[in-house]
Amino acid sequence: MQTATIEPPALEGPTPLFVEKRFPLRLAPHIAGIRDLYQSGKDNRWQPERDIPWAALKADTYGAAEREAARLTWSRRLWIESIGLKETAALLVRFCMEDGRESDPKFFLPVRGTEEAWHSDCFDRMARAFGGRFARPATRAYEALFNRNLHTRALNATRSLDSYVVTHCAVEDGLELELFRAHRANATNPAVAALLDRCIGDKERHAAFGWLYAEERAPGWSEEERRTIRDEVVEHMRTVELAGFHCAWLSNASSAEAAADAVCAAARLGAATAEEEAAVLRAYTGSVRAKLAALRIDLPRFDHPLVGSF
């Protein structure tokens, strides 16, 4: 398999929406695990200004190359995280509009959106501390990978909501969690470490939500629905993850971003090497394959010249 070429997403027509049916209003707990995530999010709320030791960052003590790399690495994390500011809101609307959906995601998702706002705030602060946020990726080809229109997919009444949740809330958020754990393992700066610790705590809940919801819904899936989920996960892995969305070194259009991550990894500023991220990707994909198999979904193996067969 050749390194994926990134193409801008095709524009869709007007998004078909559900007609609102609010009553009877069902707010009683239905999925206990997700209601617990909602409570945990409230109990563990934090504040970017108060809970991150920004004074310990001491960005000016790093060399010029390290500061420039950190600017780009944290800017890229902001580009990724900011997608959620639209996506989570759209996903919440979808859950509220689609008749018969459980109440627990409707409680949890506003908490997730708040946490994504805090992450975006902190990633922006981090980039500015090292010299300023980059407004966009270095190339338009790489930029296209971030313009994924997830909010329109989440709202589209003709697309499977369960498939969306499995692909983006379980599989994608789970990969992001494991990568952040690898980044935290390489962080020695106190401010960077504290921020990654907070993000990991939040992202554990985000990924758990996706898997808990999948397990709740799986008994009612038809074989056609399982094929839809499988196809969407495969498409996401091949056209997004293996194109360098979370791991910049996988892209053929992000050499600047990949180089910045390598410098940050060496400086112990909360990034991982390509080899470390490749190990995470292989191990995590194996765990996803096992989890999906338990839901009677067969995930094929993937091949990439920089990762191998996994």
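Helices and strands here are DSSP runs (H or I of at least four residues for helices, E of at least two for strands), numbered from the N terminus. By that rule, Tyr 142 sits in helix α5, residues 140-143. Before going on, some ground rules: this is a predicted model, where local features need pLDDT of at least 70, side-chain atom pairs count only at pLDDT 80 or more, and totals for chains, interfaces and linings use all residues. Residues are numbered from 1 along each chain as its sequence is written, and side-chain values use heavy atoms, with hydrogens and water left out.

How confident is the predictor? The chain averages a pLDDT of 94 (a per-residue confidence from 0 to 100), and 96% of the residues score at least 70. Residues 1-8 fall below 50, though this stretch still has 24 contacts (heavy atoms within 4.5 Å) beyond near neighbours in sequence. Where pLDDT is low, the predicted coordinates should not be read in detail.

Back to Tyr 142. Its relative accessible area is 0%, so it is buried (under 20%; exposed is over 50%, partly exposed in between, with a 1.4 Å probe and protein chains only). A polar atom of the Tyr 142 side chain lies 2.8 Å from the backbone oxygen of Gly 244.

Now look at Arg 35, in helix α1. Arg 35 counts as buried because its relative accessibility is 15%.

Next come the salt bridges, meaning a side-chain nitrogen of Lys or Arg within 4 Å of a carboxyl oxygen of Asp or Glu; the structure holds 30. Arg 217 pairs with Asp 162, closest N and O atoms 3.0 Å apart. Arg 217 lies in helix α8 (residues 190-217) and Asp 162 in helix α7 (residues 161-185), so this pair ties together parts 55 residues apart in sequence. Arg 217 is partly exposed at 25% relative accessible area, whereas Asp 162 is buried at 6%.

Within α8, Arg 205 and Asp 202 are about one helical turn apart, because three residues separate their positions. Their salt bridge has its closest N and O atoms at 2.6 Å.

Key. pLDDT = per-residue confidence, 0-100. Polar contact = N/O pair within 3.5 Å; in protein donor to acceptor, adjacent residues only side chain to side chain.
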